[in-house]
Every structure is written in C-alpha cells, then in structure tokens.
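Here is a short note on the model shown below. Please read each point against the sequence and the coordinates.

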Amino acid sequence: MTLQDAFVRNKQLNNSSFGISKTEKRPKTKEELAQIRKEMMKSKTNKNREKKQLEVVGDFVNDMKVNYNNRQVSSPTQDSQPGRTPSRLASGNRLMVNAKEAHNRSKRMYEKLPEQKRKELEKTKMDELKERQRKQKEFSQNLRRN
C-alpha cells in the first residue's frame, strides 16, 4: 500500500457513515444546545402548523381578494368548498366580520333560544286574547245601541 492509497482510504473513512467526522467531535456551544432543546420541545403539530401557515397564507389572501372583488360576503357557517377546511381555519385566522353583522348574528342567535321562543309565543297569545276581547267589547256595544 502506497502513501497515496493510505491517504485516500483515510479520507474515505472520515467521509463514510461509519467514520466519525471532526465536526461531531467538537462540543456544542450553549446557543446550539438551547436551539436543539427548543426544537425538541416543539410538538410535531406546531411544526406542521408552521409549514401549513406558509402554504395557506397565499390561499387566504386570494380568497379575500375574490370575495372583495366579487362583493360576495360568505356567512360564518358557509364553507367555500364542502369537505375542505377553510384556509382561514388552517392558518389560525379569524373570520373578518364587521360590527353590524356581528350584532345581527347575536340577535338571531338570541331569538333562537327556547326561552325567547316561549316568550314570543306568549306575546302572540296575549295579542290574540286582547284582539278577541276588543272585538267582543265592540260587539256588545253594537248590541246595546240596537
């Protein structure tokens, strides 16, 4: 074996997966260790969420442009494509709703409550009762006149 062959073999051992490279021998700095710990503490879902946010932000912006340009306002419960998670949910963004729409939605939800339905039903019954009493009173007054 010549000196050149020995040098090539040594170089191959250092580059191979079985050999230990010189960069692995040096101790890691505190900053590197802190970074490694931080990465370990991040859950896989957080890593995936970060990747999806980067991918989905463009979709979200495009959806908003289309809605603005076409003047289409979607309701909070309506999805653009059934069976697909809206991009705003995947990116963690909230739905853009102005104060008037929010107030109207709260009002509708309040009116759908069982207590409010009963109250409305009682109110209509009282109105009908008062109407019947008024007609009865008119009828009795007409009888007295005749």
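1. Helices (H or I, at least four residues) and strands (E, at least two) are DSSP runs, numbered from the N terminus. By that rule the chain reads α-α-α-α-α-α-α along the sequence. There are 7 helices and 0 strands.

2. The model is predicted: local features need pLDDT of at least 70, side-chain atom pairs count only at pLDDT 80 or more, and totals for chains, interfaces and linings use all residues. Residues are numbered from 1 along each chain as its sequence is written, and side-chain values use heavy atoms, with hydrogens and water left out.

3. How much of the chain is buried (under 20% relative accessible area; exposed is over 50%, partly exposed in between; 1.4 Å probe, protein chains only)? Buried residues make up 5% of the 146 residues. The chain exposes about 14200 Å² (Shrake-Rupley method, 1.4 Å probe; for residues, only the protein chains shown count as cover). Carbon and sulfur atoms supply 53% of that area.

4. Helix H3 covers residues 30-41. The number of buried residues in H3 is 0, so the helix lies largely in the open.

5. Leu33, Ile36 and Met40 form a nonpolar surface patch, with about 280 Å² of accessible area together. Patches take residues with over 30% relative accessible area and no salt bridge; like charges are joined within 9 Å, nonpolar side chains (Val, Leu, Ile, Met, Phe, Trp, Tyr) within 5 Å. Leu33 lies in H3 and is partly exposed, at 33%.

6. Now the charged side. Glu111, Glu120, Asp127 and Glu128 gather in a negative surface patch. Asp and Glu count as negative, Lys and Arg as positive; His and the chain ends are not counted. The place of a charge is NZ of Lys, CZ of Arg, CG of Asp or CD of Glu. Helix H7 (residues 114-145) gives the most, with 3 residues. Glu111 sits in helix H6 (residues 99-111) and is partly exposed, at 46%.

7. How many salt bridges (a side-chain nitrogen of Lys or Arg within 4 Å of a carboxyl oxygen of Asp or Glu) does the structure hold? It holds 2. Glu131 pairs with Arg134, the closest N and O atoms being 2.4 Å apart. Arg134 also pairs with Glu138, at 2.5 Å. These shared partners join Glu131, Arg134 and Glu138 into one network.
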